[in-house]
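Open the model in your viewer and keep the selection panel at hand.

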Amino acid sequence: MLGMVYDRVAEPAYSLAIRILERPESAEEIVAAAFEQLNKEADVSNADVDHLGAVVLSLIRQRAIIRRNADAATSEVGTERERTAVEIPLSLIHISEPTR
């Protein structure tokens, strides 16, 4: 059953993850994790292939948005650290200039 779901939604799932994340390696991780979760947690014995496909696409969308937001937050923190690191020496130069 999961093989049929994978065959039906693997390409759209990867496309969705790529559109959200814009990074192939992250998209692959998200798609693999979503299918693993579906395999572990879903009762696939009585489920419809289309329903399971919708579930996995929803999982991918949620995980990709969470990853994108986490990456953006990490990037902002890194940028703030870089900006602070650059501003401190420049401000020291301006302070010590009049004392020369």
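Buried means under 20% relative accessible area, exposed means over 50%, and partly exposed lies in between, with a 1.4 Å probe and protein chains only. Keep that scale in mind for the whole tour.

This is a predicted model, in which local features need pLDDT of at least 70, side-chain atom pairs count only at pLDDT 80 or more, and totals for chains, interfaces and linings use all residues. Residues are numbered from 1 along each chain as its sequence is written, and side-chain values use heavy atoms, with hydrogens and water left out.

**Whole chain**

Start with the cartoon. The protein chain has 3 helices and 0 strands. From the N terminus, its elements run α-α-α. Helices here are DSSP runs of H or I with at least four residues, strands are runs of E with at least two, and both are numbered from the N terminus. Colour by accessibility next: 24% of the 100 residues count as buried. Contact means heavy atoms within 4.5 Å. Among contacts between residues at least 6 apart in sequence, 71% join residues at least 24 apart.

**Arg19**

Select Arg19, in helix H1. Is Arg19 buried or exposed? Its relative accessible area is 59%, so Arg19 is exposed.

Move on to Glu22. It sits in the loop between helix H1 (2-21) and helix H2 (24-41). Check the backbone: phi of Glu22 is near 60 degrees, a positive value in a residue other than glycine. Glu22 has 67% relative accessibility, so it counts as exposed.

**H1 against H2**

Show both helices. Two packed helices are described by the angle between their axes and the distance between the axes. The axes of H1 and H2 come within 9 Å and cross at roughly 145 degrees. These axes are lines fitted to C-alpha atoms, for helices over the stretch in contact, and angles run from 0 to 180 degrees between N-to-C directions.

Now display side chains. On the H1 side, the contact includes Leu2, Val5, Tyr6 and Val9. On the H2 side, Pro24, Ser26, Phe35 and Leu38 are among the residues taking part. By class, the contact has 15 nonpolar, 2 polar and 1 charged residues. Ala, Val, Leu, Ile, Met, Phe, Trp, Tyr, Cys and Pro count as nonpolar, Asp, Glu, Lys and Arg as charged, and the others, Gly among them, as polar.

**Along H2**

Which residues of H2 are buried? Select Ser26, Ala27, Ile30, Val31, Ala34, Phe35, Gln37 and Leu38. They cover an arc of only 165 degrees around the axis, so they lie on the same side of H2. That arc is taken from the directions from the helix axis to the C-beta atoms.

Zoom to Ser26. With a relative accessible area of 2%, Ser26 is buried. Not counting residues up to four places away in sequence, Ser26 touches Leu21 and Arg67.

Finish at Val31, also placed in H2. Val31 counts as buried, at 9% relative accessibility. Leaving aside neighbours within four places in sequence, Val31 is in contact with Ala13, Tyr14, Ala17 and Ile60. Then bring back Arg61: its C-alpha atom is 9.5 Å from that of Val31, 30 residues away along the chain.
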